[in-house]
Amino acid sequence: MLEDLLKTIPVDFQSLMAMSPVPLGLADPPSCPGVYMLLVNQDVMYVGEAKGRKGLRDRLLNKHISGDDNHAIQRAFLLDFPDRLVRRGHIRSTVHVRWLPMDDLDRVSVVERALIWLYRPPWNRM
């Protein structure tokens, strides 16, 4: 099974990278599981997975934009934008996102881990 998952990684990477990044504030992700990457100035800053019942939509639009100050993206901008509403506006306009819907939850985790290993995003280490 792991061998089969590992074979899908190059295709998944290509599919994810083929998606043009969109500002987080304009994103319209589906309510299904998947992986995503957050970018600032084309630099990969965070890679994550969404496996909950509300999927990518909830994770990206609720947790990352409106999440509490303990979320990595909130911490990244906290010093420059201490006012929560101003910070959310900044995040909506300057952070871009790519996502890849996936049905297989094991595959979601494998692809997320591989992307983190490959890109070493700074917000994943905060």
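Helix 2 spans residues 55-66, and its twelve residues reach 16 Å from the first C-alpha to the last. That is close to the 16 Å expected at 1.5 Å a residue, where the expected span is 1.5 Å times one less than the number of residues. Helices (H or I, at least four residues) and strands (E, at least two) are DSSP runs numbered from the N terminus. The model is predicted: local features need pLDDT of at least 70, side-chain atom pairs count only at pLDDT 80 or more, and totals for chains, interfaces and linings use all residues. Residues are numbered from 1 along each chain as its sequence is written, and side-chain values use heavy atoms, with hydrogens and water left out.

- Gly55, Leu56, Asp58, Leu60, Leu61, His64 and Ile65 of helix 2 are buried; buried means under 20% relative accessible area, exposed over 50%, and partly exposed in between (1.4 Å probe, protein chains only).
- His71 sits in the loop between helix 2 and helix 3, and its relative accessible area of 18% makes it buried.
- Apart from neighbours within four places in sequence, His71 is in contact with Arg59 and Lys63, contact being heavy atoms within 4.5 Å.

**Salt bridges**

- The structure holds six salt bridges, each defined as a side-chain nitrogen of Lys or Arg within 4 Å of a carboxyl oxygen of Asp or Glu.
- One of them joins Asp12 and Arg107, with the closest N and O atoms 2.4 Å apart.
- This pair links distant parts of the chain, since Asp12 is in helix 1 (residues 2-18) and Arg107 in helix 5, 95 residues apart.
- Asp12 counts as buried because its relative accessibility is 3%, whereas Arg107, at 26%, is partly exposed.
- The side chains of Arg84 and Asp69 meet in another salt bridge, at 3.2 Å from N to O.
- Arg84 lies in helix 4 and Asp69 in the loop between helix 2 and helix 3, so this pair ties together parts 15 residues apart in sequence.
- Both partners are partly exposed, Arg84 with a relative accessible area of 30% and Asp69 at 31% relative accessibility.
- Asp69 and Arg84 also belong to a network of salt bridges that includes Arg87.

**Aromatic pairs**

- A pair of aromatic rings is described by the distance of the centres and the angle of the planes.
- Rings of Phe, Tyr and Trp (its six-membered ring) pair if their centres lie within 6.5 Å; planes under 30 degrees apart count as stacked, over 60 as edge-to-face and the rest as tilted.
- By this rule there are three aromatic pairs.
- Among them, Phe77 and Trp123 are edge-to-face, at 5.5 Å centre to centre and 80 degrees between the planes.
- Phe77 is in helix 3 and Trp123 in the segment after helix 5, so the pair links distant parts of the chain, 46 residues apart.
- Phe77 and Trp123 are both buried.
- Ring pairs join Phe77 and Trp123 with Phe81 in a cluster.

**Surface features**

- Met17, Trp117, Leu118 and Tyr119 form a nonpolar surface patch with about 410 Å² of accessible area together.
- Patches are made of residues with over 30% relative accessible area and no salt bridge, with like charges joined within 9 Å and nonpolar side chains (Val, Leu, Ile, Met, Phe, Trp, Tyr) within 5 Å.
- Accessible areas come from the Shrake-Rupley method with a 1.4 Å probe, and for residues only the protein chains shown count as cover.
- Helix 5 (residues 105-119) gives the largest share of the nonpolar patch, three residues.
- Leu118 lies in helix 5 and is partly exposed, at 44% relative accessibility.
- Asp80, in the loop between helix 3 and helix 4, is exposed, with a relative accessible area of 59%.
- The C-alpha atoms of Asp80 and Gln42 are separated by 20 Å, and the two residues are 38 apart along the chain.
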